[in-house]
Amino acid sequence: MTRETSIDELAKQLDESLNLDGKHASPEDTTATADEDNFLEELSDGESTYSVPSAVGSLSSDDSSDDDIGRVKFIGPAPPLTVHRPSLPAGVTSIFANTASTIDSIAEMINSGSAKNIIVMAGAGISTDAGIPDFRSPGTGLYANLQKYRLPYPEAIFTIDYFRRKPKPFFVLAKELYPGQFVPTISHFFVKLLAKRGLLHRHYTQNIDCLERVAGVESDLIVEAHGSFHAAHCIGNKCRKEFPQDWVREKIFNDSIPHCDKCNSLVKPDITFFGEGLPARFFDLLEGDFASCDLLIVMGTSLQVHPFAALINEVQSTTPRLLINRERVGESKTRGMGFDFDGSFAGSMPHRDALVLGDCDEACLLLADRLGWTDELLGLRAAFIDKQKLEHI
């Protein structure tokens with residue numbers, strides 16, 4: 001498969017899945033509506049189920065192609081979303097005007113201007129539709145796929161002491177994950193759209209894939225809490241010489257382990273390994289950022305890694321929070337710590353946590369619909385695909 005062919009096919013898949021005449025439903029999706037102004041909504045057992053238009057379906061790695069863009073292929077729509085409808089204790093009020101559909105209340109907050117300093121916290125779940133595996137999914141996650149490297153334990157590949165002794169497994173993996181091989185997802189372009197509209201205060205990400213940057217989010221709006229491939233340094237304690245990304249990429253793709261030309265120590269992309277401190281930028285910005293946040297959106301993360309996971313508690317006690325994830329995570333066991341989707345620990349404070357269960361891209365499409373931004377969101381991704389196509393002709 002040529003690079004040009006793979007780009008053409010990806011663009012064709014995008015056009016077919018967008019179906020810009022308004023008929024978003026695929027032949028297999030009997031629940032999806034053909035009217036782009038309405039979504040199928042069922043209210044039952046405290047939940048709202050939505051069938052949303054499939055913009056790009058899922059993207060997965062295609063091992064049969066060595067092409068950068070050609071390693072991505074369309075594999076169909078994600079399951080319907082479930083929007084949680086809270087069952088509040090007697091006497092507990094909610095910050096959401098419409099608790100039967102908190103997603104509509106959040107859209108109204110944004111459209112009315114009451115939410116204009118939005119922070120997005122993101123994990124691997126926003127990148128899985130780009131073909132990048134997450135870390136912990138059984139059987140398909142990154143850790144589950146590392147057995148071929150014969151590591152003493154999966155996390156060793158991201159442990160600084162192990163890297164110093166045996167760097168080869170990391171660089172083999174880095175070749176598979178390196179930026180430039182994956183197309184940003186709808187979730188990344190939703191973050192870009194927030195930035196374009198002047199609503200994104202900051203984007204905090206656990207991901208090292210740089211897909212926010214690829215989607216066009218400016219560097220000053222991004223905090224890569226666990227580092228990224230964007231820069232690289234010598235790991236020698238007395239050296240720390242910086243190396244350009246292109247130089248490191250060339251070494252990695254030539255199956256060569258990069259060494260410093262000054263002290264001969266290993267050169268590592270600025271990814272935060274276990275045993276290393278988080279980037280100074282993370283700590284420099286978080287206090288001011290979260291104090292001024294008026295809407296927190298958390299997407300695609302297990303909230304198992306600290307200190308990132310604890311950031312959800314850093315916003316003001318009245319700041320609305322939205323979790324978009326395939327499963328419930330980060331829930332309270334005591335007042336003031338974690339999410340409280342049903343107001344169980346609210347007391348005299350208003351309930352302020354909303355939950356959308358399902359695929360991050362589908363949830364972003366649903367929120368974009370409620371905001372009236374669907375065409376703009378899909379247009380951002382379509383323009384990106386068109387640009388990629390032209391650059392690879």
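**Entry 1. Residue classes and the second largest pocket**

For the classes used below, Ala, Val, Leu, Ile, Met, Phe, Trp, Tyr, Cys and Pro count as nonpolar, Asp, Glu, Lys and Arg as charged, and the others, Gly among them, as polar. I note that the model is predicted.

I looked up the second largest pocket and found a volume of about 420 Å³. Its lining consists of 24 residues. Nearest the centre of this pocket I recorded Gly227, Ser228, Asp270, Thr272 and Pro279. Two or more lining residues come from each of strand E8 (222–224), strand E9 (227–234), strand E11 (267–271) and helix H8 (280–292). Which element gives the most to the lining of the second largest pocket? I found that E9 does, with 5 residues. Sorted by class, the lining of the second largest pocket holds 10 nonpolar, 7 polar and 7 charged residues.

**Entry 2. The sheet that contains E9**

E9 and E10 run antiparallel and are joined by 2 bridges. In this pair I located His233 opposite Glu242 in E10.

**Entry 3. Helix H4**

I then listed the buried residues of H4, which are Pro169, Phe170, Phe171, Leu173, Ala174 and Leu177. Against which elements do the buried residues of H4 pack? I recorded helix H3 (160–165), E9, helix H7 (245–253) and E11.

I turned to strand E12 (residues 295–299). Of its 5 residues, 5 are buried, so E12 is largely enclosed by the rest of the structure. In a regular strand the side chains alternate between the two faces of the sheet. In E12, I found Leu295, Ile297 and Met299 pointing one way and Leu296 and Val298 the other way, and all are buried.

Strand E6 (residues 118–122) pairs with E12 in the parallel sense over 5 bridges. E12 also pairs in the parallel sense with strand E13 (residues 321–325), over 4 bridges. I used Val298 as a reference point: Met121 stands opposite Val298 in E12, and Val298 stands opposite Leu323 in E13.

**Entry 4. Leu200**

I located Leu200 in strand E7 (residues 200–205). Is Leu200 buried or exposed? Its relative accessible area is 7%, and buried means under 20%, so Leu200 is buried. The C-alpha atoms of Leu200 and Ile118 are separated by 4.9 Å, although these residues are 82 residues apart along the chain. Leaving aside residues up to four places away in sequence, I found Leu200 touching Ile118, Val120, Val191, Leu194, Ala195, Val217 and Leu221.

**Entry 5. Helix H2**

Finally, I examined helix H2 (residues 102–112). Its buried residues are Thr102, Ile103, Ser105, Ile106, Ala107, Met109 and Ile110. An α-helix has 3.6 residues a turn, so residues three or four places apart point the same way. Just after H2, I noted that Gly113 takes a positive phi of about 95°.

Note on methods:
Residues are numbered from 1 along each chain as its sequence is written. This is a predicted model: local features need pLDDT of at least 70, side-chain atom pairs count only at pLDDT 80 or more; totals for chains, interfaces and linings use all residues. Side-chain values use heavy atoms; hydrogens and water are left out. On a 1 Å grid over the protein atoms alone, a cavity is a set of points where a 1.4 Å probe fits but cannot get out, and a pocket is an open set with protein on both sides within 12 Å along at least five of seven lines; lining residues have an atom within 4 Å of a point. Grid points are joined across faces, edges and corners, and a volume is the space filled by probe spheres set on the points. Buried means under 20% relative accessible area, exposed over 50%, partly exposed in between (1.4 Å probe, protein chains only). Two strands pair if DSSP finds at least two bridges between them. Contact means heavy atoms within 4.5 Å.
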